[in-house]
Amino acid sequence: MSEEKKWQKWEGEGEPEGKGGLSSATASQLSEVDGRTRQLVAVCYKCGTQTYVGVDWKWFTCWKCGGTVTEMIA
Ligand SMILES: [Zn+2]
């Protein structure tokens, strides 16, 4: 089972609702901060950078370009 999600640009004001935060360039950085190890690889729509996010996050802020990215609802 793949845990990949689709991500898209956040068009709203401020931050999206739900769980989320600043993404990490490496998996270990995020697990240290969050105290958990379950992570997804996501790709920023804006700069194409690969980034690690929490598995249950609904949105993230790109660590590299600062763009806000939200989960694409199919
Ligand atoms: Zn980016």
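# Briefing on a predicted protein model

Leaving aside neighbours within four places in sequence, K64 is in contact with C44, C47 and T49, where contact requires two C-beta atoms, placed from the backbone, to lie within 7 Å. The structure is a predicted model, in which local features need pLDDT of at least 70 and side-chain atom pairs count only at pLDDT 80 or more, while totals for chains, interfaces and linings use all residues. Residues are numbered from 1 along each chain as its sequence is written.

**Overall composition**

- The protein contains 1 helix and 6 strands; helices (H or I, at least four residues) and strands (E, at least two) are DSSP runs, numbered from the N terminus.
- Read from the N terminus, the order of elements is β-β-α-β-β-β-β.
- Of the 74 residues, 24% are buried; a residue is buried if 20 or more other C-beta atoms lie within 10 Å of its own, exposed if 12 or fewer, and partly exposed in between, with C-beta atoms placed from the backbone.
- Among contacts between residues at least 6 apart in sequence, 55% link residues at least 24 apart.

**Confidence**

- The average pLDDT of the protein is 85, and 82% of the residues score at least 70; pLDDT is the predictor's confidence in each residue, on a scale from 0 to 100.
- Confidence is lowest in helix α1 (residues 27-34), with a mean of 58, and highest in β5, at 96.

**The four-stranded sheet**

- An open sheet is formed by 4 strands in the order β1-β6-β5-β2, with mixed pairing; two strands pair if DSSP finds at least two bridges between them.
- The edges are held by β1 and β2 (20-22), each with a single partner strand, so one side of each has no neighbour in the sheet.
- From one strand to the next, the twist averages 25°, taken between axes that are lines fitted to C-alpha atoms (for helices over the stretch in contact), with angles running from 0 to 180 degrees between N-to-C directions.
- Strand β1 (residues 7-9) pairs with strand β6 (residues 68-71) in the antiparallel sense over 3 bridges, and here K9 stands opposite V69 in β6.
- The pairing of β5 with β6 is antiparallel and comprises 3 bridges; V69 in β6 is the bridge partner of F60.
- The pairing of β2 with β5 is parallel, over 3 bridges, and W59 in β5 is the bridge partner of G20.

**The pair β3 and β4**

- Strand β3 (residues 39-43) and β4 pair in the antiparallel sense over 5 bridges.
- Within β4, Y52 is the residue opposite V41, while G54 is the residue opposite Q39.
- The hairpin of β3 and β4 has 6 residues between the strands, and G48 in this hairpin takes a positive phi near 75°.
- Because 4 of the 5 residues of β4 are buried, this strand is largely enclosed by the rest of the structure.

**The nonpolar core**

- The largest nonpolar core has 10 residues, namely W7, A42, C44, Y52, V53, W57, W59, F60, C62 and V69; such a core is a set of buried Ala, Val, Leu, Ile, Met, Phe, Trp, Tyr and Cys residues joined through C-beta atoms within 7 Å.
- The elements giving two or more residues to this core are β4 (50-54) and β5 (59-61).
- In soluble globular proteins, nonpolar side chains tend to be buried together.

**The loop between β5 and β6**

- Strands β5 and β6 form a hairpin with 6 residues between them, and G66 in the turn has a positive phi of about 80°.
- K64 lies in this loop between β5 and β6 and, with 15 C-beta neighbours inside 10 Å, counts as partly exposed.
- Although K64 and C47 are 17 residues apart along the chain, their C-alpha atoms are separated by 8.0 Å.
- C65 also has its place in the loop between β5 and β6; C65 has 13 other C-beta atoms within 10 Å, so it is partly exposed.
- The residues that C65 touches, not counting those up to four places away in sequence, are C44, K46 and C47.
- C65 and C47 are 18 residues apart in sequence, and their C-alpha atoms are 6.7 Å apart in space.
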